Amino acid sequence: MANKYSATESALNQHKAHVRQKLVKIIGNVTQLNEDEIEPQTHFLELGLDSITLSQVRHSIKDAFGFDIPMNEFFDTLTTLELLTNHVGERVVIPIESTNQKVVESPVEIPGNEIEHTAPYVLQTYEKQNLSMSAPVGLERILEQQLHLMSHQLEVMRDHTIAHVNTTTVYHPEEDSAKIVQAVKDSVSDLRKGAFLPDLPSNGSGPGLEKQALAVSMPPETETLGAQETVIALTPDQKQLWFATVSERNDSQSLHETALLRFCGPLQPEAFTEAVHTIVNRHEALRTFMNDDGETQVITSAMKISVPLHDFSDYSPDEQEHHVRNWLAKDSTIPFPLIPYTPLFRVQLLKISVVEHIGVFTFHHLIADGWSMGVFMRELEHIYSALVRNEAVTLPDPVSFRNYAVWQHDQLRSGGEEAVTFWSAVLKRSLPVLDLPSPVRGLQMPSSQGSRHTLVLEAPLVQRLRNVSIKLGNSLFITLLSAFQLFLHRLTGQKEVMVSVPTAGQAQMDAFSLIGNCVNMLPVISEVCSDVSFNSFAQTVKHRMNELEAYQKYSFAGLAPLGLKYLPVMNVVFNMDRPIPRFYFHQLDVEVLENEISFSKYELFLNVTEIQKQLRLDFDYNTDIFQENIVKTWSEYFLHLLHLIVENEEIRVSSISLLDVVGQERLRATWTDYVDSNGIYPCVLDAYKQPAPVGTAGEVYQASAVNGILGTTREWAYVEGGAKLLHIGHLDRSICIRGHQVNLEQLEKHLLQTFQLSDCLITPQTNEAGEVLHLTAYVVAAASKPWEESELKQAVNRLLPDYTRPRWCIKMDRIPLLANGEPDLQALLEVGDASVNAAKDVGSEVHAAEEKLTTIWKDVLNVSEVNRHESFFQLGGIH
């Protein structure tokens, strides 16, 4: 049946232009592009849109037009403004300007004589679509969406005349639209009475088009202490952060985030401070401190905040740079005390001259994440500028962190079990840990000391990467993430590569003006096959990201109490930030300064930031594990890999080398310097039998100039700077424990040297499935350095990471040997079980408590036995 509402071709064109105008405004607000920069045929990826910004566009479209668009369609079919305009225009009703009338398209056919009976008609329509009345939840969602759209249409119709298709009936703007609006109101009322729609909030107000009130319920653990304070529970992720902050590792500064802004011009410190105070009053997370119980936090009505001004203007330029750098380094080491009424962020100004200042913004992750810092900076820009101009400022209503906590709790309650089922299937077995090559891995307990190496991709390469992304139907994010995973595969030789990706809870909640700790880490696990092309691999990564989209809102900290037992080790992270915005502080030129870091929470964190037409790649790394020159070399490998991809996106993984041909020949030439009298020299090869580059490890082969590769020595070696070879150990002594690869020969040598032992043998203890559960160290102390077993065990535990700590340290007079000189394993002392370590003199109540705790630990850690003297983390607990 033909639609009873129609429009002329001219009206349709006007309708399309109206839709395009609204979409341009939405895209411009998100990307900060001018309207004339948003061409109809330009691919969204070329405009700089990525998964995060497209998510914001998606939510803005939902608010403006009343319907949702699946995220994948922005990458598959709706890739330009023109395509998006056509799609939206076909689904919405928007007033169209005409010469003497205003016409409305309608996506549904509403009979004119039933205009006052909308509710029965809507129900009848959906019954025809086989929607069972016994499924009120699905029906409610559909009706809410349709009525939201109708409400938008009817509000617009208040100001516009509607011409009916048969021209025999003309709707008058005031009388008829009021009648239609009343009919919808009555219909909504009927639907609420029938329990098809929720009741209105207690204040009688409903969601508007531009802003929606968040309907949340207060959690039962909320306690109002009075008008000044409110106590709420820590979120699961905050509990982990609290534990990491108060633990004895003394490097909680890795949980800080700092940003630097340079202000050039007549900065007004008083207005700057007042702007900071205004932001603090708006966002309760900035007025929050942690209770010492590790379970709750206190939101205060006010928090005393100062913005100190440190004056460096009296120094000469050379002295000034030195003193500022030292001040920044010292400030980065200052922890936030977790004491009442003390803020968990600080803002400071460094005065360089009368017309130059540096703003230093440092936040603890307990109360803010990267998204939050962006919110803070944008609000500071608007509030400061308004204060200087003596004008009022209009900002989006802030979303309170307690609302986020309730939303997160509700999400876990409604979908947590499904998420646990999904992740349990993905993580049903212990995944290999992504152990990046390091000669000290497993030999020392790393701190969180860190540094940063920065690599800038120039505009031509960035444009070629964008072109490849468009050709493959991917976002630039997917292309770079895929390249990074292949880079890690070639670096480690591991087929399964897991990279963690931060996701913003604010975007999941549609709460874009929210400050708080809302970040979730999403593990992206990819299996790499040698014969697959980059194109195919990138499509697999894209599919995996689409698959994980439904589970972004669930953190592992929240899922663990619901029964998720296998938690992944997230030590390598990839993130792509939104383009750095142009700041418009009144009468000030503002520049984002690069911040030198001293701590790194992860082993390796690659953060990509778009700056104009370039990409800045920040490689943050743990300095206890990796040397600066090695990370710099790795970044050059990654750059080489990107060039290979833009040259041929169909390149096979087996053809991707971290070195070019010249680099490979240079390595071989260096190793020929180690030639012996027989003309034989070592050649270290990676998993693809190519020369293992500097900063990686490989199997040592023997080679000669005449015969080439002769065969393997079964030795494992690390290639240091200058192509120097560092012997690790025999491959037969390599084991896998809790996902980590460990060479027992290397570990033995390390203990011999560190503790001045006469001899040492380490053996693995396995279960029936052959999995290594723990290690046992048999040691022979030197006469010059006698050790007691307990003393040595404590010293070893202080030195080694959890997974390489021997569960038992057994002192012996000598290591028994076979006739061939190999250790006689059968002659070694047997290791007692946990029962021999149970206390014999403890009371029954203590013993009963110990038994209960042992049962809990066995269940949580999935171990068969627990030694009463062992560390929770040594048994597999995660920090």
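Gln756 lies in the loop between α20 and β24 (757–766), helices (H or I, at least four residues) and strands (E, at least two) being DSSP runs numbered from the N terminus. The model is a predicted one, in which local features need pLDDT of at least 70, side-chain atom pairs count only at pLDDT 80 or more, and totals for chains, interfaces and linings use all residues. Residues are numbered from 1 along each chain as its sequence is written, and side-chain values use heavy atoms, with hydrogens and water left out. Although Gln756 is not a glycine, its phi is positive, at about 55 degrees. Gln756 counts as partly exposed because its relative accessibility is 48%; buried means under 20% relative accessible area, exposed over 50%, and partly exposed in between (1.4 Å probe, protein chains only).

A positive phi also occurs at Arg714, where the value is near 60 degrees in a residue other than glycine. Arg714 belongs to strand β20 and, at 35% relative accessibility, counts as partly exposed. Asn390, which follows α11, likewise has a positive phi near 60 degrees.

The protein chain contains 22 helices and 26 strands. Of its 879 residues, 49% count as buried. The chain exposes about 42500 Å², of which carbon and sulfur atoms supply 50%; accessible areas come from the Shrake-Rupley method with a 1.4 Å probe, and for residues only the protein chains shown count as cover. Among contacts (heavy atoms within 4.5 Å) between residues at least 6 apart in sequence, 68% join residues at least 24 apart.

Helix α11 (residues 370–389) has 20 residues and reaches 29 Å from its first C-alpha to its last, close to the expected 28 Å, the expected span being 1.5 Å times one less than the number of residues. Helix α18 (residues 628–647) also has 20 residues, and the 29 Å between its end C-alpha atoms agrees with the 28 Å that it should span at 1.5 Å a residue. The buried residues of α18 are Ile630, Val631, Thr633, Trp634, Ser635, Tyr637, Phe638, Leu641, Leu642, Ile645 and Val646.

Rolling a probe the size of a water molecule over the atoms shows where empty space is left. On a 1 Å grid over the protein atoms alone, a cavity is a set of points where a 1.4 Å probe fits but cannot get out, whereas a pocket is an open set with protein on both sides within 12 Å along at least five of seven lines; lining residues have an atom within 4 Å of a point. Grid points are joined across faces, edges and corners, and a volume is the space filled by probe spheres set on the points.

Six cavities of 30 Å³ or more are counted by this rule. Asp50 is located in the loop between α1 (9–31) and α2 (51–65) and counts as buried at 5% relative accessibility. Leaving aside neighbours within four places in sequence, Asp50 is in contact with Asp577 and Arg578. Asp50 and Ile478 are 428 residues apart in sequence, with 9.2 Å between their C-alpha atoms.

The second largest pocket holds about 830 Å³ of space. Its lining comprises 38 residues, of which Asp435, Thr492, Ala697, Trp716 and Gln741 lie nearest its centre. By class, 19 of the lining residues are nonpolar, 13 polar and six charged. At least two lining residues are supplied by each of α14 (476–492), β19 (697–704), β20 (708–719), β23 (740–743) and α20 (744–754). The largest share, four residues, comes from β19.

Tyr701 is found in strand β19 and is buried, with a relative accessible area of 12%. Not counting residues up to four places away in sequence, Tyr701 touches Tyr681, Pro682, Cys683, Leu685, Lys689, Ile709, Gly711, Thr712 and Thr713. The C-alpha atoms of Tyr701 and Cys683, 18 residues apart in sequence, are separated by 5.1 Å.

Technical notes:
Ala, Val, Leu, Ile, Met, Phe, Trp, Tyr, Cys and Pro count as nonpolar, Asp, Glu, Lys and Arg as charged, and the others, Gly among them, as polar.
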